Amino acid sequence: MAHHNQSPSEMVKKLGWLHKVLAEESDTTEKEMTDFVKQQEIISGRDPEISEEEYFINMGPQHPSTHGVLRLMVSLKGEIVQNIKPHVGYVHRGIEKMTEKMTYKQIIHLTDRLDYLSSTINNHAVCLAVENGLEVEIPERVKYVRTIIDELIRIASHQLWWGVMGMDLGALTAYFYGFRDREKVIDVLEKNTGARLLHSYYTPGGLMRDIHADFQKDIKEYIKYQRNLMNEYDDLLSNNVIFRERTEGLGIMTREEAIAYGVTGPSGRASNFACDVRKQHPYAAYDKADFKQILYTGGDSFHRYKARLDEIKESMNIIEQLVDNIPEGSYTAKMKAVLKLPEGTYFQRVEAARGELGVYVISKGDKVPYRMKFRSPNLSNLGALDKLTRNYKIADLVAIMSSLDLVIPDIDR
Amino acid sequence: MNEKYIPRYDMTGVIQSIHEYFLSVMPAGLAYVTELVLIGILFLLFYAVVGLILVLAERKVAAFFQLRLGPYRVGPWGVFQTIADFIKLLLKEILEIKAADKFLFNLAPFIVIIASFMAIAAIPFGYSLHAIDFDMGLFYVLAVTSVGVLGVLLAGWSSNNKYSLIGAMRSGAQIVSYELSIGLSLMTIVVMIGSLQLSTIVQSQADGWWIFKGHIPAVIAFVIFLIASTAETNRGPFDLAEAESELTAGFHTEYSGIKFAFFFLAEYMNMFIAASIAATVFLGGWMPLHIGNLEWFNNIMDYIPAFVWYIGKTAFVIWILMWFKWTFPRLRIDQLLTLEWKYLLPINLINLVLAAFIVLMGWHF
Amino acid sequence: MNSITNYIKTVGKALKSLATGMGVTGYYFTHRSTAITEQYPENRATLKLAERFKGEIVMPHNEKNEHRCTGCGICETACPNGSIEIISNFEVIDGKRKKVIDKHIYHLSMCTLCGLCVDACPSDALDFGGDFEHAAFNRISLTKILNKEGSKLTKDIKE
């Protein structure tokens, strides 16, 4: 393309309106001007300093495979990805700032909207942070119910991801099968919490309301249903030769890289990074259940896929162990009407569906936090995308991104 | 080969009398032109109807695979859905792309649609029911359908969109390589028949379809033809040129309204043509199912009109192609080429040698 | 020779895996009762929502057109989004000057259905309603007055 050989001043002339605008700003130097133009060129995908064959493509903010408003500036040579610059912030809602105006009870409903696919797990993180800060003893019943619901949410999240992974690779039918099964979990949850996606079911000290009378029966029915269908998932995608070719050995992440990038969750565990918070730092009733931490050594897209599928099975194991042993008791601890965290800093981490979610609270002793910071798993996982996809094709970029299972609102917050 | 098989419902007489009627009312040259125009109109209508039915069928079949109901609201069982869609596409604004190469941009959909339109001419729908019976009919169909890729390439290039260009380049590489497999897999049967004329190919299957008569090579060739023709028609799992999760819509990203409809229609017509060829060469075309000397069975089969046989077989092949699309994930471009050059082509060549050997030994029926 | 057997094995395995996948979709194609589509607007009559479904906030009234809201305003402060506004008057009832709600205004368009108001209400005056068809042509129609016209506070509330 011809304009690659143009000098910056020629380019400025070409962008006549820009020249005019910049000239009016009297203190703009020639260098600043050319820098600005260069920057504009880069943003619009025409970096004058890159080689002739290389070109930029904007994947997103509206693109079918970014599942939201993530913008990836992909530098390509033919179809080979040279590097990726993710641009985030298209769904930035300022949740961290909003928390500074809200009481701890009110914050819960905002955390639903971080990673909407693991909404109650986000609730759980804040609840635990506040409860630990207040040193409240939580009834055992609450711990059990929270654990079960978190695992149900995790299953629902992984089912959605399974379908979407199929869709990203072109198997649209898998998408519908994933959603069909997710619907069953959602029905169980809806009966109990009253919502299908954003539950707001936990509150500092306990639960919004006691579990539904059918809760245990529904869960057992659901698990029976789901166990029969795990073979179908394997038949349709896991064992399919095209799917294996598209995922095996692609986007390999070593254990060191996973640690360096802070890639957690199933994506990290597929690289043999033992980062399961449920196992490493048990909270709620996870220490009561006997379950495995899914670890794989492959570190490629396929093992990330496998780790998630196995996690569905493992979550069902956890639920099965706990569901019959929910102790009787109150569904909420006795809490004051106005919660005031003592001055200090508090940190709590939980295992969200996509990795480790951390909540860091600075309190000045008010009823609202002074500052609240969420360590979202997706932002760290996105960071590794550039490393993972270099020198692969666009199609692989889609597959690798899908295997990382990004949820954009959690990145932007 | 035995003597010609003439089906119970023979249309030759009707066609002949129409021809004679035209000759009686106008000079021979004019009659010839009139007939051509009539056939052209007939084919256009056929093209539109088949396109509409196929789009609906695809949506219904996809829905059935995906636990859905499919179109359900417009007319009973949604039968008028595609007509409503078609009207919507007609009414939509045709976007003008500033940076596009206007002439090529407008030309591309026509190339695609004309290529698929031309191929219908040679397909035998029934005994003597074809527009023209080339003695190289099969070769003609292959040659004409492969022109369509030119339109796809032009569309991708002239859109001046990077996604489109990538899609077009993929499509180019794909069709150039899969053309080989299509040709060779058909060649396996042609070796056994000894003719490229489509009417002869159908006639040769009066005593059994080639997929049964041709031993294992015919079955292998049929499978390869199905795979290759899926790739040739740019359908999933080989829909890399469109690949909506990677390239948004590939080569037709910038097209809207009726121009998009042309691409859409051409895709389905290409599928129809590929299925027709598969039905004609492997499954006997309009020929009823005949089993050796089982007279009573063959007689019953003869009562079903030839056209119904043809449509039934074509629909069956189309259904298999749809089944592929709605089950498998998409391949990557290098895997697509690996599949062709490392698997399909060598197997095809060995298969062809095997078929030639069978013919040499006279083992085929 | 080994490589040739490997080659054939690869092809065989691949074809088998593809056939398995087609078996799964083929099963659903032939078993139509597995279809999960719900014909939504038509099935309104049979549509069953979960009893706890959070569709909107409502104020239950009994048959004598009485509600339980004392107008204390706890829900207003509990709400994170400011979707509840209470306008109350002072009326003289039985010789005592009492706070009585005039309008309990609820902005559905701002509500996130977090349930804090229902949870916070000391007299259980608020509850979740199951109506979920909130689409409207303007935002004003999403602002509702929860206490019905002419309604009164029930007698059985202790203050």
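Contact here means heavy atoms within 4.5 Å. The model is predicted. In this model, the buried residues of H6(B) are covered by elements that include helix H4 (102–120), helix H5 (137–145), helix H7 (162–193) and H12 of chain B. Helix H6 of chain B runs through residues 148–158. Eight of its eleven residues are buried, so the helix is largely enclosed by the rest of the structure. The buried set consists of Gly148(B), Val149(B), Gly151(B), Val152(B), Leu154(B), Ala155(B), Gly156(B) and Ser158(B). Asn160(B) follows H6(B) and has a positive phi, near 60°.

Helix H12 of chain B also takes part in the largest nonpolar core. This core holds 99 residues. Leu186(B) and Phe282(B) touch the most other members. Helix H12 (residues 257–282) of chain B gives the most to the core, with 13 residues. The contacts of Phe282(B) can be listed, leaving out residues up to four places away in sequence. In soluble globular proteins, nonpolar side chains tend to be buried together.

Some nonpolar residues of chain B lie on the surface instead. Tyr72(B), Trp77(B), Val79(B), Phe80(B), Ile83(B), Phe86(B), Ile87(B), Leu90(B) and Leu91(B) form a nonpolar patch there. Together they have about 910 Å² of accessible area. Val79(B) is one of these residues. It sits in the loop between helix H2 (28–65) and helix H3 (81–91) of chain B. The relative accessibility of Val79(B) is 36%. Buried means under 20% and exposed means over 50%. Val79(B) therefore counts as partly exposed.

Chain B meets chain C through 18 residues of chain B and 19 residues of chain C. The area buried between these two chains is about 1700 Å². Carbon and sulfur atoms give 68% of that area. On the chain B side, Phe64(B), Leu67(B) and Arg73(B) lose the most area to chain C. Together these three account for 34% of what that side buries. One salt bridge is found across the interface of chain B and chain C. Arg73(B) forms a salt bridge with Glu42(C). Their closest N and O atoms are 3.2 Å apart.

Chain B also meets chain A. Here 34 residues of chain A are in contact with 24 residues of chain B. About 2500 Å² is buried between the two chains. Carbon and sulfur atoms give 60% of this area. Two salt bridges are found across the interface of chain A and chain B. Arg332(B) forms a salt bridge with Asp396(A), with the closest N and O atoms 2.8 Å apart.

Chain A itself has 18 helices and eight strands. It contains 413 residues, and buried residues make up 60% of them. Contacts in chain A with a separation of 6 or more were also examined. Residues 24 or more positions apart account for 69% of these contacts. The accessible surface of chain A comes to about 15700 Å². Carbon and sulfur atoms hold 51% of that surface.

Key: Residues are numbered from 1 along each chain as its sequence is written. Chains are lettered from A and ligands numbered from 1 in the order in which they are written. This is a predicted model: local features need pLDDT of at least 70, side-chain atom pairs count only at pLDDT 80 or more; totals for chains, interfaces and linings use all residues. Side-chain values use heavy atoms; hydrogens and water are left out. A nonpolar core is a set of buried Ala, Val, Leu, Ile, Met, Phe, Trp, Tyr and Cys residues joined through side-chain atoms within 4.5 Å. Buried means under 20% relative accessible area, exposed over 50%, partly exposed in between (1.4 Å probe, protein chains only). Helices (H or I, at least four residues) and strands (E, at least two) are DSSP runs, numbered from the N terminus. Patches are made of residues with over 30% relative accessible area and no salt bridge: like charges are joined within 9 Å, nonpolar side chains (Val, Leu, Ile, Met, Phe, Trp, Tyr) within 5 Å. Accessible areas come from the Shrake-Rupley method with a 1.4 Å probe; for residues, only the protein chains shown count as cover. A salt bridge is a side-chain nitrogen of Lys or Arg within 4 Å of a carboxyl oxygen of Asp or Glu. Buried area is the accessible area (1.4 Å probe) that two parts lose on being put together, summed over both.
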